[in-house]
Each structure stands twice: as C-alpha cells, then as structure tokens.
Amino acid sequence: GYDGTIDGALSLDGLDDYVEVFQTKGLPLCLHKAFTIAMWVKGIPQADRRVYCEGFRLPAERNPLFTLGTHNAATTGAADHFVRGDTGINPVNHAHSARNAFDDTWHHLAVVDNNGDAAFYIDGIRDATHVTYVRPFMSPTVTAIGAVVRNVAGYYFAGAIDDVRLYNYALAENEILAFVPEPAGC
C-alpha cells in the first residue's frame with residue numbers, strides 16, 4: 001500500500017526505472033470518450049517527469065502523447081497534464097494543478113477527462129485548475145508508468161507510485177474521494 005510497506009509501492013530511481021503496461025482492448029485509455037487515471041504518488045518537485053504516459057513507439061516518431069506527471073519546469077510540486085495529437089498539435093500544453101501533488105509526501109492524484117473536459121483531483125478534492133480542449137486524433141501504442149515511452153524511454157520519475165487505477169469512464173467526485181482515507185481521529 002501507499003504507506004510504504006515492503007512489496008507495496010513501486011520505487012523508481014529517476015534514471016531508468018518504469019513499468020510498461022500490456023496493451024489490452026481497454027488501452028490506450030485516452031481513446032475512450034471519458035476516462036479516469038488515479039494513483040498514489042510520492043516524490044519531490046522535479047522537472048518534467050512522468051507518472052503516466054500513453055505514447056507511440058516507432059523509430060523517429062514522437063507523436064502522440066498523453067501524459068501526467070510533475071511540473072514541466074519544477075517551479076512547484078504541481079501536477080502537469082500534457083496532450084499532443086498525431087499531427088503534433090498540443091491542445092493541452094502543460095496544464096498545472098493549483099495544489100501540490102509532489103512534495104515528498106503521499107498524495108492521491110487523479111485526472112478525470114470527459115471528452116476533453118478534464119480536471120485534476122488531489123487527495124480526493126477537485127483542484128481549481130480546469131482544462132477544456134478539443135480532443136485531437138491520437139493513435140498511441142504504448143502505455144507506461146513512471147516514464148515517457150516512445151521510440152526510447154525518458155522523463156523518468158524519481159519517487160514512488162502505488163495503486164494505479166485506470167477507468168474507461170469518468171469517475172464522480174465522491175468515487176475519487178472514496179480512495180482517500182479519513183485522517184486518524186475522525
């Protein structure tokens with residue numbers, strides 16, 4: 001579990017560790033009209049590191065990308081959302097959460113996308129940042145946790161990731177809040 005127990009969370013070194021997810025009929029997730037990506041994360045602010053990515057693996061091909069990770073400039077511990085279509089158009093060019101998700105403590109991070117209407121949730125609370133975009137044509141072929149995987153892997157995340165959950169529908173706010181335990185003593 002995200003409490004740091006042995007054999008719990010993925011521990012990623014930021015140098016070359018990541019997990020490639022086998023593509024099933026439910027992936028890539030960004031091709032669904034609505035979807036949710038949810039996970040527990042723990043890491044320090046770091047420049048443009050990815051905790052989730054859907055990309056395209058072919059030599060010399062760098063489009064498309066659908067990613068979730070750390071602030072691209074590491075100026076804060078904000079979460080970062082980036083979308084690029086097959087033609088290279090970036091309808092979401094590094095949207096940042098208003099609240100920190102990367103401050104070396106465990107946070108539940110989720111992105112809910114309902115046909116281009118996207119929102120961050122941090123620790124079960126909807127973030128002030130709201131993203132609305134026109135979905136580009138995308139044909140990703142690889143899904144990864146902890147890095148961007150295209151023709152080569154990169155943008156490796158240094159930290160821990162646990163309990164990654166992918167849904168092919170938009171979770172409601174109360175469903176996301178259910179992932180986050182109440183503080184002790186409540």
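Here is a friendly chat about the strands of this predicted model and one of its residues.

The model is predicted, so local features need pLDDT of at least 70 and side-chain atom pairs count only at pLDDT 80 or more, while totals for chains, interfaces and linings use all residues. Residues are numbered from 1 along each chain as its sequence is written, and side-chain values use heavy atoms, with hydrogens and water left out.

Trainee: In what order do the six strands of the open sheet run?

Mentor: Strands are DSSP runs of E with at least two residues, numbered from the N terminus. Two of them pair if DSSP finds at least two bridges between them. In this open sheet the pairing is antiparallel, and the order is 2-11-4-5-6-7.

Trainee: Is Leu-12 buried or exposed?

Mentor: Leu-12 lies in strand 1 (residues 10–13). Buried means under 20% relative accessible area, exposed over 50%, and partly exposed in between, using a 1.4 Å probe and protein chains only. Because its relative accessibility is 8%, Leu-12 counts as buried.

Trainee: Which residue in strand 9 does Val-111 stand opposite?

Mentor: Strand 8 (residues 107–114) is largely enclosed by the rest of the structure, because seven of its eight residues are buried. Strand 8 pairs in the antiparallel sense with strand 9 (residues 117–122) over five bridges, and the two form a hairpin with two residues between them. In strand 9, the residue opposite Val-111 is Phe-120.

Definitions and conventions. Helix = DSSP H or I, 4+ residues; strand = E, 2+ residues; numbered from the N terminus.
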